[in-house]
Amino acid sequence: MDRDKDRDVSRREALRCMAWAGTGLVWTLSEGVPGAKLIGFAEASTKGFSFVQISDSHIGFNKPANPDPSATFGEAIAKINALPEKPAFMIHTGDISHLSRPKEFDDFDQIVRGAKLDMHYVPGEHDVIDEKQGQAYLDRYGKRSRGKGWYSFDHSGVHFVGLVNVYDLKAGGMGNLGAEQLAWLADDLRRKSASTPIVVFAHIPLWIIAADWGWGTSDGVEALKHLARFGSVTVLNGHIHQVMQKVEGNVTFHTARSTAFPQPAPGTAPSPGPKTVPPGELRGVLGVSSVTVAKGKQPLAIVDSTLAD
Amino acid sequence: MKKALSLAFVASVFAVTSARADDVQVAIDNFAFTPATITVKKGTKITFVNHDDLPHNIVEEKAAFKSKALDTDESYSHVFDKAGEIVYFCGLHPQMKGKVIVTP
């Protein structure tokens, strides 16, 4: 109990100290406890396995905030390829494309292929705005999925659940999972023991960060009810193009940076639109950061780095 | 058949003429519809223009009409031909809401 408490406190303290600017995070699971490591600086773990989370590549975006997101995405892939320890796989938490166009998906596929890793996707709202409302995404990335693209899989004793919260959004609301998906989730988790570490990933944050910016999921709390009995739950999201973390009981919530462009912190701008930084500083804000979870009571090791380093 | 066609022709000419007189624009800036509430006469065509760096769309609250995703500087027009209050929002960013009050 004390051990868990210490771990949480040190994680919180560590996170407070960080100037997050990651283009990709490597998650290492050791003893069921996840921690984000710096891409390019991750040390080989002696236990467990690692995987990479990337998000919000927005291939096709061409505005001043980043005229060439393919280039920065390529740099993120190069970082992943330079890891001393090969990740088991990579997850992408949505907004692969900017406008769901075939060329954008094609360009993404060509770049991501360079990582030579198994991929697990969930769609962002930018991936489901084709004429057929997400069919293009499902045809490419959702072949193993149910419904609008949700699914689960297991890796080395950890249960991963990919959720979709970018459909059927309601006026004045936020992200939406819907009754059908929640029923599937309840059924999917029913077969798992409470000691199974769970990693849930979805595009829009499952917890409410800024309701007036739509940064949250209206029925996210329903999903969390199904997760309440598990001892270790990690929720990985994207959408907000910046890192935020919250630890609540056994649940760690975390959002990853975009590989394309930053967005403002809530309350610091009139809208959540792309944040344009002065020329030459883009890679400085698209850097990578890490949290390394050591065994036992050791404090977390935090390193900040940027693409400009 | 001929009669039906000519009636349709007359009706469409009338609709175009009357709508033109009252055409109005709603701008999308900084994740907001401006003006957020607009009062128009029945038959008015409203054109929504996206000035943001990210795409938005226009969805009637109960999906009575829905635009495609509008990239920067793209627009969508809809003729409001029934009196009443219509609430719409952005299907990508549902915190963005607007209202059209259509008078007879």
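Reply: Chain B has one helix and eight strands (DSSP runs, H or I of at least four residues for helices and E of at least two for strands), and from the N terminus on its elements follow the order α-β-β-β-β-β-β-β-β. This is a predicted model, in which local features need pLDDT of at least 70 and side-chain atom pairs count only at pLDDT 80 or more, whereas totals for chains, interfaces and linings use all residues. Residues are numbered from 1 along each chain as its sequence is written, while chains are lettered from A and ligands numbered from 1 in the order in which they are written.

Of the 104 residues of chain B, 29% count as buried (20 or more other C-beta atoms within 10 Å). Among its contacts (C-beta atoms within 7 Å) between residues at least 6 apart in sequence, 50% join residues at least 24 apart.

Where chain B meets chain A, the contact draws 17 residues from chain B and 19 residues from chain A. The side of chain A that touches chain B has 10 nonpolar (Ala, Val, Leu, Ile, Met, Phe, Trp, Tyr, Cys, Pro), four charged (Asp, Glu, Lys, Arg) and five polar residues (the others).

Within chain A, helix α2 (residues 69–81) packs against helix α3 (residues 102–112) at an angle of about 25°, with the axes, fitted to C-alpha atoms, 10 Å apart; α2(A) and α3(A) are therefore roughly parallel (under 35 degrees). On the α2(A) side S70(A), F73(A), G74(A) and I77(A) take part, and they meet D107(A), I111(A) and V112(A) in α3(A). By class, this contact of α2(A) with α3(A) has four nonpolar, two polar and one charged residues.

Helix α5 (residues 179–190) and helix α6 (residues 220–227) of chain A pack at an angle of about 10°, again with axes 10 Å apart, so α5(A) and α6(A) are roughly parallel to each other. L182(A), L185(A), A186(A) and L189(A) in α5(A) meet E222(A), A223(A) and H226(A) in α6(A), and the residues of that contact divide into five nonpolar, one polar and one charged.

A223(A) is also among the residues that L163(A) touches, together with V122(A), W150(A), L177(A), Q181(A), V200(A) and A202(A), when residues up to four places away in sequence are not counted.

Key
Axes fitted to C-alpha atoms, helices over the stretch in contact; angles between N-to-C directions. Parallel < 35°, antiparallel > 145°, perpendicular 65-115°, else oblique. Contact = placed C-beta atoms within 7 Å. Buried ≥ 20, exposed ≤ 12 C-beta atoms within 10 Å, placed from the backbone.
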